[in-house]
Amino acid sequence: MCKFDKLLLSRFWDGGVSAEEIGIVSKHLESCTECQQEVGRIKLLTLALNKLPEVEISDDYDFKFQKRLQEHLEKEKGLSVLKVFAERVKAGLEDLIRIFTPQPALVKIGLGIMLVLGLVYFGREIGN
């Protein structure tokens, strides 16, 4: 695998290199088929990108993007709160089972209470 600077190959194709770098890249390309193929891929990518239509962006695009990003982050934060809650409920249930294992009826009552409390809490979180 050739370790020649791929960024330099890209800049070479774009015309963003010095005369000295042109000489270095040109000489390297004479003998390296891997880099010749890389320049070919860069060329194809550039041609494909140039065929894409121009996209007009509204003046308030940045504001809308920031707003949507903030909404997404708040939603993710809400999900993480629910995940933490679920982990705490699970830990509480495990404690109840460990404490009341000899008394199955008490385990069922405790599980029922935890389930009801979890549903009430979950319902409030969704409502907010």
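Biologist: Which residues form a nonpolar patch on the surface, and with about how much accessible area together?

Modeller: This is a predicted model, in which local features need pLDDT of at least 70, side-chain atom pairs count only at pLDDT 80 or more, and totals for chains, interfaces and linings use all residues. Residues are numbered from 1 along each chain as its sequence is written, and side-chain values use heavy atoms, leaving out hydrogens and water. A patch joins nonpolar side chains (Val, Leu, Ile, Met, Phe, Trp, Tyr) within 5 Å, from residues with over 30% relative accessible area and no salt bridge, a salt bridge being a side-chain nitrogen of Lys or Arg within 4 Å of a carboxyl oxygen of Asp or Glu. Here Val 55, Ile 57, Tyr 61, Phe 65, Leu 69 and Leu 73 form the patch, with accessible area (Shrake-Rupley method, 1.4 Å probe) of together about 600 Å².

Biologist: Why does Leu 73 count as partly exposed?

Modeller: Leu 73 lies in helix α4, residues 61-100; helices are DSSP runs (H or I, at least four residues). Buried means under 20% relative accessible area, exposed over 50%, and partly exposed in between. Leu 73 counts as partly exposed because its relative accessibility is 46%.

Biologist: What distance separates the C-alpha atoms of Thr 46 and Trp 13?

Modeller: Thr 46 has its place in helix α3, residues 33-51, and is partly exposed at 22% relative accessibility. Trp 13 is 33 residues away from Thr 46 along the chain, and their C-alpha atoms are separated by 9.2 Å.

Biologist: What percentage of the residues of the chain count as buried?

Modeller: The chain has 5 helices and 0 strands. Of its 128 residues, the share that counts as buried is 14%.

Definitions and conventions: Patches are made of residues with over 30% relative accessible area and no salt bridge: like charges are joined within 9 Å, nonpolar side chains (Val, Leu, Ile, Met, Phe, Trp, Tyr) within 5 Å. Helices (H or I, at least four residues) and strands (E, at least two) are DSSP runs, numbered from the N terminus. Buried means under 20% relative accessible area, exposed over 50%, partly exposed in between (1.4 Å probe, protein chains only).
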